[in-house]
Amino acid sequence: RVARPRDRVRHYLGIQRTVARTIAKTLAGTLRWDPVRVDLERHLIGAIAGDISHEIEHATNFPHTSLDEERTDAEDLERESSNALASARETKCEVPKRSTPA
């Protein structure tokens, strides 16, 4: 696959978004930083690496399927979705609550 300029721009914007989100979370206090333990640079690099790792894991577990792609068959997508839902229902193990004596 050849990288197109559009792909490079999308990649660059993804990096910018990840860095900006990490800085914003640090400033807002939702991402804790202990300056006594680690300097800001290492904190940001570690947090960004964690975000990227999570995005890669998510992309691996939930691959993108384009609905606009000509090769995509709506019936195949429907069948795959139905099978995935049926499988999830079969593996879901619900244990009823035990009633406690009054």
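R17 is partly exposed, with a relative accessible area of 44%. In this predicted model, R17 forms a salt bridge with E55. The closest N and O atoms of that pair are 3.9 Å apart. R17 lies in helix 1 and E55 in helix 2, so the bridge ties together parts that are 38 residues apart in sequence. E55 is partly exposed as well, and its relative accessible area is 32%.

E55 has another partner. R21 also forms a salt bridge with E55, and here the closest N and O atoms are 2.9 Å apart. This pair again links distant parts of the chain: R21 belongs to helix 1, E55 to helix 2, and 34 residues separate them. R21 is partly exposed, at a relative accessible area of 31%.

Now follow R21 to D51. Their side chains meet in a salt bridge, 4.0 Å from N to O. D51 sits in helix 2 and R21 in helix 1, 30 residues apart. Is D51 buried or exposed? D51 counts as buried, because its relative accessibility is 17% and the cut-off for buried is under 20%.

These contacts join up. R17, R21, K25, D51 and E55 are linked in a network of salt bridges. The count of salt bridges comes to four.

Step back to the whole fold. The protein has three helices and zero strands. Along the sequence the pattern reads α-α-α. Helix 1 spans 5-28, and helix 2 spans 40-61.

How much of the protein is buried? Of its 102 residues, 12% count as buried. The protein exposes about 9600 Å². Carbon and sulfur atoms supply 56% of that area.

Next comes the largest pocket. Its volume is about 230 Å³. Ten residues line this pocket, and the closest to its centre are H11, G14, R17, T18 and E55.

Which helix gives the most to the lining of the largest pocket? Helix 1 does, with six residues. Helix 1 and helix 2 each supply at least two residues of the lining. By class, the lining holds four nonpolar, three polar and three charged residues.

R17 of helix 1 pairs with E55 of helix 2. R21 of helix 1 pairs with E55 too, and R21 also reaches D51 of helix 2. Both helices contribute to the lining of the largest pocket.

Notes:
Residues are numbered from 1 along each chain as its sequence is written. This is a predicted model: local features need pLDDT of at least 70, side-chain atom pairs count only at pLDDT 80 or more; totals for chains, interfaces and linings use all residues. Side-chain values use heavy atoms; hydrogens and water are left out. On a 1 Å grid over the protein atoms alone, a cavity is a set of points where a 1.4 Å probe fits but cannot get out, and a pocket is an open set with protein on both sides within 12 Å along at least five of seven lines; lining residues have an atom within 4 Å of a point. Grid points are joined across faces, edges and corners, and a volume is the space filled by probe spheres set on the points. Helices (H or I, at least four residues) and strands (E, at least two) are DSSP runs, numbered from the N terminus. Ala, Val, Leu, Ile, Met, Phe, Trp, Tyr, Cys and Pro count as nonpolar, Asp, Glu, Lys and Arg as charged, and the others, Gly among them, as polar. Buried means under 20% relative accessible area, exposed over 50%, partly exposed in between (1.4 Å probe, protein chains only). Accessible areas come from the Shrake-Rupley method with a 1.4 Å probe; for residues, only the protein chains shown count as cover.
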